[in-house]
Amino acid sequence: MDLLGQVAHGFAVALTPVNLLYCFIGVFIGTLVGVLPGIGPISAMSLLLPVTLSGTPESGIIMMAGIYYGSMYGGSTTSILVNIPGEATSVVTCIDGHEMAKQGRAGPALGIAAFGSFIAGTLAVVGLMVIAPYLARFAVAFGPAEMFSLMILGLVIVTFLTQGSMLKSLLMASAGVVLGLIGLDSISAQPRLTFDRIELYDGIGLVPVVMGLFGVAEVLTNIEQGIKRTVSSTKITNLLPNKEDWKRSSGPIGRGTVLGFFLGIIPGGGAVIAAFASYALEKRISKTPEQFGKGAIEGVAGPEAANNAAAGGAFIPLLTLGIPPNVVMALLLGAFVIHNIQPGPLLMVQRPDLFWGVITSMYIGNVMLLVLNLPLIGMWVQLLRLPYNILFPMILLFTVVGVFASSNNVFDLYVMIAFGILGYLARKLGYEAAPLVLAFVLGAIMENKLRTALIISAGDLTTFFTKPISAVCLSVAAIMLLMPVIPALRRKREKVALEDGQN
Amino acid sequence: MKSSGLRINNAELWGGTIWFAISLFVLEQGRSLGHGTVNQPGMGFMMFWLGLVMAGLSLAVALQAIKSEGPSVRSLWAGTRWQKTLIVIATFVVYAYAFTRLGFLLSTIPLMLVLLRAIDPVRWTVAIPLSLGAPLLVWWVLQRLLQIQLPTGMFEIG
Amino acid sequence: MKRTALTLLSSAIIAATVASAAAQNFPTKQVTLIVPWPAGGSTDIAMRAIAEAASKHLGQPIVVDNRAGGSGTVGPAQMAATAKPDGYTIAQIPITIFRLPLMQKTTWDADKDFTYIAHLTGYTFGVTVRADSEFKTWADVVKFAKANPGKVTYATPGTGTSLHIGMEQIAARDGFKVTQVPFKGGAETNAAVLGGHTMLQVESSGWKALVESGQLRLLMIWTENPSKNYPGVPTLKQLGYPFVFDSPFGIAGPKGMDPKVVAILHDAFKKAIEDPAVQATLAKYDMVVNYKNTADYVKFVKEVTETERKVVDMLGLKKKD
C-alpha cells in the first residue's frame with residue numbers, strides 16, 4: 001500500500017464518530033491541564049489510562065495523544081498572561097509573551113501561539129508520516145557523548161535567552177545544574193546535597209522552582225513598583241495577530257517547526273532544548289535583536305512552534321523503535337501495552353490501521369485545538385482587565401494550588417517561597433531566571449551522560465571531539481560563546497568605517 | 001566609566017562575592033562526594049569542575065564591578081515600595097507554616113483577605129466575598145473533581 | 001453574597017467530615033506504583049500490565065511512576081525515605097535493593113525499611129548485539145574479549161544489577177575482561193546498542209520487538225531452560241557455564257504499613273498475576289509468574305541476601321569500610 005493509500009486508510013479510521021469523540025475529549029482535557037499549573041499531561045494521562053480500556057486501542061491511544069499535544073497548546077496561556085510557565089518548554093514563552101501582555105498585546109501573543117502551534121503541529125504530523133521510518137537511526141545516534149555535547153550546546157544557547165550579561169547567565173545556568181543534581185545520584189543511588197533532609201532525596205521539584213522564580217517573583221516585583229506599570233492599566237488593542245505580526249512570525253514558525261521536529265526525536269531533553277534553541281536562533285538572525293525580551297512576537301512564535309513540532313517528533317522513537325523519549329511517551333507506551341500491542345519496528349507492518357489512524361487523528365486534533373482555543377483568547381484577555389490588587393492574590397493562590405497539586409507536600413511550598421525571594425533578588429541585580437530553570441532541567445541528564453560517556457571511552461576525553469555529532473555540537477557551542485566578543489569587534493570596525501565615510 | 005575604584009556598597013560586587021562563596025561551597029561538596037577518576041567519574045565529578053567554573057565566572061563579575069561602577073545597593077531599592085514586598089513575603093511564610101496545621105480553607109481564606117487588604121486595599125465588599133469564594137472554588141475543583149487531597153488541619157476542615 | 005458563602009462553607013465542612021470517614025476503607029484514591037526503571041523496558045511493561053489488572057480488583061487506579069536510576073534502587077529508596085506507609089505509595093523491588101547494600105553505602109536497610117507485600121515474577125535475561133555486528137555467536141565475543149582485554153563494552157541497566165554481576169561472573173570464569181556501562185534501564189540500553197555506543201546489551205527481554213524485527217541479534221539467554229520464543233538461542237548452561245540468572249522481584253511499601261492494607265494490596269496483585277491476560281503479556285516477555293505470599297517473601301529476602309553476599313564476596317565487589 002502506498003503512502004497516500006495508507007493516509008486515506010488512516011483518515012477512515014480517525015474519522016469514525018467514536019474516534020472523533022475520543023479525539024475531542026483528549027484535546028479538550030489537554031487544553032485544560034495545560035492551563036492548570038502543577039497538573040500536567042502526565043497526571044491527566046495516568047488518571048485516564050484505565051478509561052482507554054473500554055474502547056478500541058485506536059480510540060484510547062487517539063485520546064491519550066490528544067491530551068499530550070493539547071497540553072502543549074494550553075501551556076503557553078499562563079506563561080503569557082501571568083508569567084507562570086506550566087512546564088519547562090514554556091519557560092521561553094514567558095520571556096516575550098508576558099512582555100507582550102504587559103504592553104496590552106496579550107491577544108496577538110496568545111493568537112500567534114495558537115496559530116504557530118497549529119501550523120507546527122500539522123507540519124510535524126506530515127513529517128511523521130513521510131520520514132518517520134528513516135529517522136529511527138537518528139534517534140539512537142545520540143549516545144552518551146553526543147547527548148552530553150548537545151546539553152552543553154543547550155546550556156550555551158540558554159545564555160542567549162537573556163538581555164543582560166553573559167557572565168551572569170552562565171552563573172545562573174551553573175547554579176541550575178547544581179540544583180538539578182540535588183537528590184539521590186542516578187548511578188550510585190547515594191544522596192547528594194540533601195543535608196539529611198529526606199524531602200530532598202527526590203530532588204527539588206520543577207514546579208515549585210518555576211512557580212517561585214517566575215510567578216511569585218513577578219508578583220513581588222510588581223508590588224514593589226506599584227500597580228501603575230502592570231497590564232491592567234494598559235490598553236488592550238486587537239485580539240488577534242495583525243498583518244505585521246504575521247509577516248514577522250512566519251519565518252520563526254517555519255524554522256521553529258524544523259528545529260522542534262528534529263530535536264524532539266532525541267530522547268531526553270530534546271523538546272526543551274528545541275524551544276529555546278528556536279528563540280536563540282531567531283534572536284541571532286533578527287535584524288532587531290534588541291527587541292527580544294521586550295515583547296518581540298518572533299520570540300513567542302518560534303518557540304511555540306518548536307515545542308509543538310517536538311511533540312510530533314517525539315512519536316518517532318516510540319512508534320519505530322519502541323523507545324519512549326520522554327515520560328509522556330512512556331505513558332502512551334503504557335496505553336499500547338494495556339491493549340497488548342508492542343510499539344516498535346513491527347507496529348507499522350502489523351497494525352497499519354492503528355499506526356495511521358493515530359497519526360491522522362493528530363491532524364484532526366490540531367484543527368479542533370485551533371477552533372477550541374481561538375474563542376478562549378477573548379476570555380483570557382478579559383481576565384487581565386482585573387485591577388492588579390485583585391489579580392495578584394489570585395495569581396498567588398494559583399501558584400500555591402499548582403505547587404501543592406503537583407506534589408502534595410507542604411515542603412514544596414517553602415521551596416516555592418524561597419525561589420520566589422531568590423528570583424526577586426536576582427531580578428534586582430540583573431540576573432535572569434530562564435537560564436537557571438533550563439539548566440536545572442538539563443543538569444541531571446547532562447551529568448549522567450558525561451559519566452557514562454567517560455566510562456565508555458575509558459576516560460578518553462577526545463571522545464567528545466572525535467564523534468562527529470558531538471564535535472559539531474561542541475563547535476557550535478564554542479562559536480556561540482565567542483560571538484559576544486566578535487560583534488564588539490565588528491561594531492568598532494563599523495564605527496571606524498562610518499567615521500571614515502563622514503570624512 | 002569615569003570614576004572607578006572599590007566602592008563597598010556596589011551591588012554588582014556584592015553579587016560577585018556571594019556567587020564566589022556559593023562556588024566554593026559547590027567545589028567543597030564536589031570534593032567531599034569524591035570526584036573519582038576520568039575513566040570512573042564519581043558522584044562529585046561534575047560538581048567539582050562546575051564549582052571551579054563558577055568560581056572563575058564569579059571572580060570575573062566581581063572584577064567587572066570593580067572596574068566599572070555598578071549601582072549601589074541602596075539605589076536599587078530607592079523609591080520602591082519594598083515594605084509591601086516584605087509584607088507579602090512574611091504573609092506567605094506564615095501561610096506555609098499554617099497550611100498543614102489549620103488546613104487549606106482556614107489558612108487560605110485569611111491569606112486572601114490579608115493580601116487583598118494590606119497591599120493596595122480593595123473595598124471590603126469585594127475583598128470578603130472574593131477571599132471566601134476563590135479558596136472554596138479551588139477546594140471544590142481539586143478535592144471533588146480532581147480528587148487531589150488538600151490538608152485538613154487539626155480542625156479537620158477542608 | 002455573604003450568606004451564600006457561609007452556606008457554602010458549612011456544606012464544605014459536612015462534605016469534609018464524610019470524606020475523612022471514607023478514608024478508612026482503603027483505597028479511596030489512586031495508588032502510585034513506583035517502577036524504578038525507565039518506561040518501555042520489560043519491567044515497566046510487565047508492571048503496567050500487572051498494575052492495570054490489580055487496579056480492577058482494588059477499585060482504584062494504580063498509577064505507574066517511573067523513577068529510574070541507581071540500578072533500580074533510587075525509586076524504592078526515595079519511597080522508603082519519604083512516602084507515608086498508608087499503602088498509596090508502593091514500589092517494585094528489584095534484587096539490587098538487597099545486593100547494593102553489600103557493595104556500597106546506601107540510604108536504606110532492606111530488612112527494616114520496607115513492608116514486603118507480594119512476590120510476583122522473574123526475568124529472562126539475554127545478551128544482544130546490533131544486527132550488523134561482527135559477533136555472530138557468543139564464542140566470537142569471548143574470542144575478541146580475550147584478544148582485547150577491556151575493549152568489549154556492554155550496556156546494563158545499572159551497576160550491581162544481575163546483568164552486571166552475571167556478566168562479571170561469566171567473564172571471571174573464562175578469564176577475560178569486559179567493561180560495564182551502566183544505564184538506567186532497558187529503553188536506554190536498547191538505544192545504546194542500536195546506536196552503536198556499546199558493543200553488547202545485557203538486559204531483560206525489553207529487546208524482544210527489536211530482536212524479532214531483525215535489528216538486534218540475540219546471542220544467548222540466561223534462563224534455566226531454552227525459550228520457545230527464541231529457538232536455537234543457547235542458554236548459559238548449554239554454553240557450558242554453570243549459571244542461571246533470573247532476578248525474581250516483588251512489590252513493597254515503606255516500613256510500618258497496616259497489615260490490613262498489606263492484605264488488600266496483596267490480594268489485588270495476586271489476582272492480577274493469575275489473570276490470563278496478564279500471564280499472556282508476561283509470557284510475551286518470557287517472564288514466568290513466581291508468586292510468594294507476604295510471609296514467604298520476607299523469608300525469601302533473607303535467603304537472597306545471604307546468597308548475594310557470597311557472590312559479591314567472590315567477585316571482590318564487597319563494600320570496603
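Start by selecting chains A and B: 61 residues of chain B are in contact with 57 residues of chain A, where contact means heavy atoms within 4.5 Å. Before you click on, know that this is a predicted model, in which local features need pLDDT of at least 70, side-chain atom pairs count only at pLDDT 80 or more, and totals for chains, interfaces and linings use all residues. Residues are numbered from 1 along each chain as its sequence is written, chains are lettered from A and ligands numbered from 1 in the order in which they are written, and side-chain values use heavy atoms, with hydrogens and water left out.

**Stop 1: chain B against chain A**

Together these two chains bury about 5,200 Å², 81% of it on carbon and sulfur atoms. Buried area here is the accessible area (1.4 Å probe) that two parts lose on being put together, summed over both.

Next, pick B:Glu12 and A:Lys168, whose side chains meet in a salt bridge at 2.9 Å, N to O. The count between chain B and chain A is one salt bridge, the rule being a side-chain nitrogen of Lys or Arg within 4 Å of a carboxyl oxygen of Asp or Glu.

H4(B) gives the largest share of the side that touches chain A, twelve residues. By class, that side has 44 nonpolar, 13 polar and four charged residues. Nonpolar covers Ala, Val, Leu, Ile, Met, Phe, Trp, Tyr, Cys and Pro; charged covers Asp, Glu, Lys and Arg; the others, Gly among them, are polar.

While you're in chain B, zoom to B:Ala55 in helix H2. Is B:Ala55 buried or exposed? It is buried, with a relative accessible area of 11%; buried means under 20%, exposed over 50%, partly exposed in between (1.4 Å probe, protein chains only). Leaving aside neighbours within four places in sequence, B:Ala55 is in contact with B:Phe20 and B:Ser23.

**Stop 2: chain C against chain A**

Switch to chain C, where 46 residues are in contact with 41 residues of chain A. This pair buries about 3,700 Å², 64% of it on carbon and sulfur atoms. Select C:Arg48, C:Glu52 and C:His197, which supply 16% of the area that chain C buries against chain A, more than any other three residues.

**Stop 3: the cores**

A nonpolar core is a set of buried Ala, Val, Leu, Ile, Met, Phe, Trp, Tyr and Cys residues joined through side-chain atoms within 4.5 Å. The largest one has 181 residues, of which B:Phe104, C:Trp138, C:Leu200 and C:Trp222 touch the most other members. Apart from it lies another core, of 81 residues, among them A:Leu213 and B:Met47.

**Stop 4: two loops in chain C**

Finish with C:Ser71, in the loop between strand E2 (62–66) and H3 of chain C. C:Ser71 has a positive phi of about 55° although it is not a glycine, and is buried at a relative accessible area of 2%. Then jump to C:Asp286, in the loop between H10 and strand E11 (289–292). Phi of C:Asp286 is near 55°, again positive in a residue other than glycine, and C:Asp286 counts as buried at 14% relative accessibility.

Notes. Helix = DSSP H or I, 4+ residues; strand = E, 2+ residues; numbered from the N terminus.
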